[in-house]
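Trainee: I am new to this structure. Please show me how to read its main features.

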Amino acid sequence: MPQSVKKGDTVKIHYTGRIKDGQVFDSSKEREPIEFEIGSGRVIAGVDKGVIGMKPGEKKEVTVPPQEGYGEYEQKLLIDVPMDKMPEDIKPEVGMRLQIVNDMGQPLPVLVTEVNDESVKLDANHPLAGKDLVFNIELVEIA
């Protein structure tokens, strides 16, 4: 009888992730399945928890709220940068993805959301922050 997944197991899954409105944002179907240890934090908590109890070959749909996905959308992660502080070689445009360095020296991806003569508004929220996500998961194997 096949065992079911428990914390600490290493698993391989195929998944398709979509926003609740149906828009697909990622899928492993055309790639190798992803491998991770349950409870290691390598995947978002909602997927990690959703795999527990599954058996190899089983398929399941899991709805992941923001707090178990990419977090809530936070207004404090909207950053106004004076135009004179922007690198001269960058001409910011709405929709452009850039990378800044945070206070701890780590790279932080941001999205340009507004540009005017005086400043540029950057959004450092994850693109999927604040969204309910739906994952179709297939447990390929318990490694």
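Predicted model: local features only at pLDDT ≥ 70, side-chain atom pairs only at ≥ 80, totals over all residues.

Trainee: How many helices and strands does the chain have?

Mentor: The chain has 1 helix and 9 strands. Read from the N terminus, the order is β-β-β-α-β-β-β-β-β-β.

Trainee: Why is the chain described as more spread out than a compact globule?

Mentor: The globule rule gives 15 Å for 143 residues, and the radius of gyration of the chain is 19 Å, well over that value, so the chain is more spread out than a compact globule. Along the principal axes, the C-alpha atoms fill a box of roughly 65 × 35 × 25 Å. As for burial, 30% of the 143 residues count as buried.

Trainee: How should I read a sheet?

Mentor: Strands of a sheet pair through backbone hydrogen bonds, either parallel or antiparallel. In this chain, 4 strands form an open sheet in the order 5-8-7-6, with antiparallel pairing.

Trainee: Which are the edge strands?

Mentor: Strand 5 (78-82) and strand 6 (97-101) are the edge strands, each pairing on one side only. Neighbouring strands of the sheet are turned by 45° against each other on average, direction ignored.

Trainee: Over how many bridges do strand 6 and strand 7 pair?

Mentor: Strand 6 pairs with strand 7 (residues 107-115) over 5 bridges, in the antiparallel sense. For a residue to look at, take arginine 97, which stands opposite leucine 111 in strand 7.

Note on methods
Residues numbered from 1 in each chain as written. Heavy atoms only, no water. Pairing = 2+ DSSP bridges. Helix = DSSP H or I, 4+ residues; strand = E, 2+ residues; numbered from the N terminus. Axes fitted to C-alpha atoms, helices over the stretch in contact; angles between N-to-C directions. Rg over C-alpha atoms; globule rule 2.2 N^0.38 Å. Buried < 20%, exposed > 50% of the residue type's maximum accessible area, 1.4 Å probe, protein only.
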